[in-house]
Structure formats: C-alpha cells, structure tokens
Amino acid sequence: YLFVEKICEEWGIPFEGSRIDVPKYIKDTGKNPQQASRDCRYAFYRDIMEKYAAQKLALAHHKDDQAESVLMNLIRGTSGMARIGIPLKRLFGGGWIIRPFLAVTREDILEYCTEMNLNPRIDPSNEKDIYTRNRFRKYILPMIKKENSKALDHIQRFSEDLEQDEGFLMVLAEKEYNSLELTEKDGILKVPISSLGKVPKPLQSRVIHLILNYLY
C-alpha cells in the first residue's frame, strides 16, 4: 500500500487506496478468506470507477495466473464459462475490466523489472501452502513447464477457444430454451420433458442452467 502510494507520488500518478476490515467481512458473510478478499477488492474497484466515471479498469493478471486458474477449475470440475479461467475483458461497474498482461508470463514481467531497475514487492502470503492457488503455482505449474516450455501458450489458447465455443453454444441454447413452451402457474414452472429431450445433448445442460437462472 505505502510502496504503491510512494511510487504514484514520485511519478505524478493519482493514487486511490483503502483499508478494509476483511476479517469482519469474513465473520459477517461466512465466506472463505480468498473469496472475501476478492469481494472487498472488487467493491473498491467499483467505487473508484464510479468516482472517476472510468470506462476501463486494467488489472495485472498475467499468463501464469491464467494457467493456474484454468487448471484449478478443471480439477474442481467446473463447467460452462467458468472453465475459461480469467477472461481478457468483461463488463464491470458500468465499464470494462481489461487484462493486458494475459499475453506475458510472470518471468517476462520480472525480467522487465530487472532491466528497468524496478524493485517490485512480493506478497508474502504467496508462499503459504494453505492456499490452493499457491500450491498450483509452486508445485504443479513448474512441473508442467518442464514437460513443455510452451505449456502456458497452449493453456491460454485453450481458454480463448473455449470462450468462443461456449459463447456460440449459449446462443444455440437460448434459442432452444425460448422454444420450450414453459408454463408457470401458482409459482410452479412446468418444463415439457418431451421437448427438453429433443434438445441436442451438448445443449441440454445449458438449457437447464437457463431454466434455473429464470427460477432464481
């Protein structure tokens, strides 16, 4: 916090910072520390975007972060768009979140810092094995890189291809969903099983997901 504030002051960049009581948020919501921290960060981002009427928020996720996210999601059995990991851009707070560093690796960034005589700060919590991401970062990703030096490129391409495929399949699923002739009476939604059964299997789970979204 103080390091970033000092750099911004030296470089003449406006600085915005906030101290948030994450332990209290965890206690109030019951969420795990990682999710709670993420909620608090993004709430802060949203406030700052509104304050400056900003249309874009650039975050520093890089190619290694992407590989970790994709692998974690696959191991967890995540489905749908969540499998793509970290999207290059997405709607957020009246504008867009963009991630320009997804094209470069952590090694590239550290090498640049060395060449430019920059002294980056490393979060000490990144070394703690209690966090799933840290275990992937410290043990699994290095092993994968040894197997194939282009592994991160392949994972990033997999993510981009999957995002396009999922987007196309959801368009088809929405058409199938709109043709189901759902009926609702007294708070009960009726789904014609015969019609749902005719939906191609790759789309059925996505149609069911749309039905659940409607119910919720």
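This is a predicted model: local features need pLDDT of at least 70, side-chain atom pairs count only at pLDDT 80 or more; totals for chains, interfaces and linings use all residues.
Biologist: In which helix do both Lys6 and Glu10 lie?

Modeller: Helices (H or I, at least four residues) and strands (E, at least two) are DSSP runs, numbered from the N terminus. Lys6 and Glu10 are four residues apart, about one turn of the helix, and the helix that holds both, residues 2–11, is α1.

Biologist: Which parts of the chain does the salt bridge of Lys51 and Glu16 tie together?

Modeller: The side chains of Lys51 and Glu16 meet with 2.7 Å from N to O. Because the two residues lie in separate elements, the pair ties together parts that are 35 residues apart in sequence, namely helix α3 (residues 33–52), which holds Lys51, and, for Glu16, the loop between α1 and α2.

Biologist: Is Thr105 buried or exposed?

Modeller: Thr105 is placed in the loop between β3 and α5, where, not counting residues up to four places away in sequence, Thr105 touches Lys63, Asp64 and Leu152 (contact means heavy atoms within 4.5 Å). Buried means under 20% relative accessible area, exposed over 50%, and partly exposed in between, with a 1.4 Å probe and protein chains only. Since the relative accessible area of Thr105 is 16%, this residue counts as buried.

Biologist: Which residue stands opposite Phe92 in β3?

Modeller: Strand β2 (residues 89–92) pairs with β3 in the antiparallel sense over four bridges, where two strands pair if DSSP finds at least two bridges between them. In the hairpin of these strands, two residues lie between β2 and β3, and Gly93 takes a positive phi near 55°. The residue of β3 opposite Phe92 is Gly95.

Biologist: Which residue in β3 stands opposite Lys56?

Modeller: Strand β1 (residues 56–58) and strand β3 (residues 95–98) run parallel and are joined by three bridges. Opposite Lys56, the residue in β3 is Trp96.

Technical notes:
Residues are numbered from 1 along each chain as its sequence is written. Side-chain values use heavy atoms; hydrogens and water are left out. A salt bridge is a side-chain nitrogen of Lys or Arg within 4 Å of a carboxyl oxygen of Asp or Glu.
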